[in-house]
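Let's walk through a structure together, in question-and-answer form. Have the viewer open and ask as we go.

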Amino acid sequence: MRQRVFELRNAVLRQFAATLAVSSLVILMGIGAASAQSGTPAPDQSKAAAQPADAAKDAAQNQRRTDEFAEAAQVISGPAGNPECVWLGRRVVRLMWRDDLDTAFRHLDLYDRFGCPGGHIQAAFRCLTRFGGQIDPKVAETLDSRVHACWINPASQPQQAAAAASQPAAPAAGSAQPQPAASPSPAASPSPAPPK
């Protein structure tokens, strides 16, 4: 009799567990269907709307990169003009500027492995430090364009320094007479303090 009671109890427990599992499954399916019919758009719809704009932006960026690599290959003779050297070298210079030296050194190892000249990185970074005041840290494009310009021509100078250097050279070359120096303006004398 005892064994029959245990069998009956086990059968009831199995039936209860099966009913609980089925009802839980039905509730979960109902919640999923209700959320699918809500007013929020599906993620695929929002991604589909953003894809054309992103695709055009990516295409323009890829074309710009290709043009920069082609320009570097035309201007720079030797391995520093190879696309892999240009890409890695500019990346190393950019990372050095941002004080991420650990990552810069890892990229520099890869740069050396491709047989790219290390001196070009030094010259490009030296050039970049000359333009430090003109780089806006909030606008990534200013740093990227300046790094590329310094990679193409490491001897370039900032506009103000180049203009100041060329100005004194022009009058000296144009005339044989030395120009008199401008006299300093007299300093204002301090007024005497009133007696106390």
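## Disulfides, helices and a core

A: Let's start with one cysteine: Cys150 is buried, with a relative accessible area of 1%. Buried means under 20% relative accessible area, exposed over 50%, and partly exposed in between (1.4 Å probe, protein chains only).

Q: Before we go on, what kind of model is this, and which cut-offs apply?

A: It's a predicted model, where local features need pLDDT of at least 70 and side-chain atom pairs count only at pLDDT 80 or more, while totals for chains, interfaces and linings use all residues. Residues are numbered from 1 along each chain as its sequence is written, and side-chain values use heavy atoms, with hydrogens and water left out.

Q: What pLDDT does the protein chain average?

A: pLDDT is the predictor's confidence in each residue, from 0 to 100. Here the protein chain averages 76, and 70% of the residues score at least 70. Where pLDDT is low, the predicted coordinates should not be read in detail.

Q: Back to the cysteines: how many disulfides does the structure hold?

A: A disulfide is a covalent bond between the sulfur atoms of two cysteines; the test used is a pair of cysteine sulfur atoms within 2.5 Å. The structure holds 2 of them. One joins Cys127 to Cys150, S to S 2.2 Å. Cys127 lies in helix H5 and Cys150 in helix H6, so this pair ties together parts that are 23 residues apart in sequence. Helices are DSSP runs (H or I, at least four residues), numbered from the N terminus. Cys127 is at 0% relative accessibility, so it counts as buried.

Q: And which residues does the disulfide with S to S 1.8 Å join?

A: That disulfide joins Cys85 to Cys116. Cys85 sits in helix H3 and Cys116 in the loop between H4 and H5, so the link ties together parts 31 residues apart in sequence. Both Cys85 and Cys116 are buried. With -80° about the S-S bond, their link is left-handed; the link of Cys127 and Cys150, with -65°, is left-handed too.

Q: How do I read burial along a helix, say which residues of H5 are buried?

A: List the residues, then look down the axis. In H5 the buried ones are His120, Ile121, Ala123, Ala124, Cys127 and Leu128. They fall within an arc of 165° (taken from the directions from the helix axis to the C-beta atoms), so they line one face of the helix. These residues pack against H3, helix H4 (101-113) and H6.

Q: Which residues of H4 are buried?

A: Thr103, Ala104, His107 and Tyr111. Their arc is only 100° around the axis, which puts them on the same side of H4. Turned away from that buried side is a face with the exposed residues Asp102, Arg106, Asp109 and Arg113.

Q: Which residues touch the most other members of the largest nonpolar core?

A: In soluble globular proteins, nonpolar side chains tend to be buried together. A nonpolar core here is a set of buried Ala, Val, Leu, Ile, Met, Phe, Trp, Tyr and Cys residues joined through side-chain atoms within 4.5 Å. Of the 21 residues in the largest one, Val93, Tyr111, Ile121, Leu128 and Trp151 touch the most other members. Helices H3 (83-97), H5 (118-130) and H6 (140-152) each supply at least two residues of this core.

How values were computed: Contact = heavy atoms within 4.5 Å.
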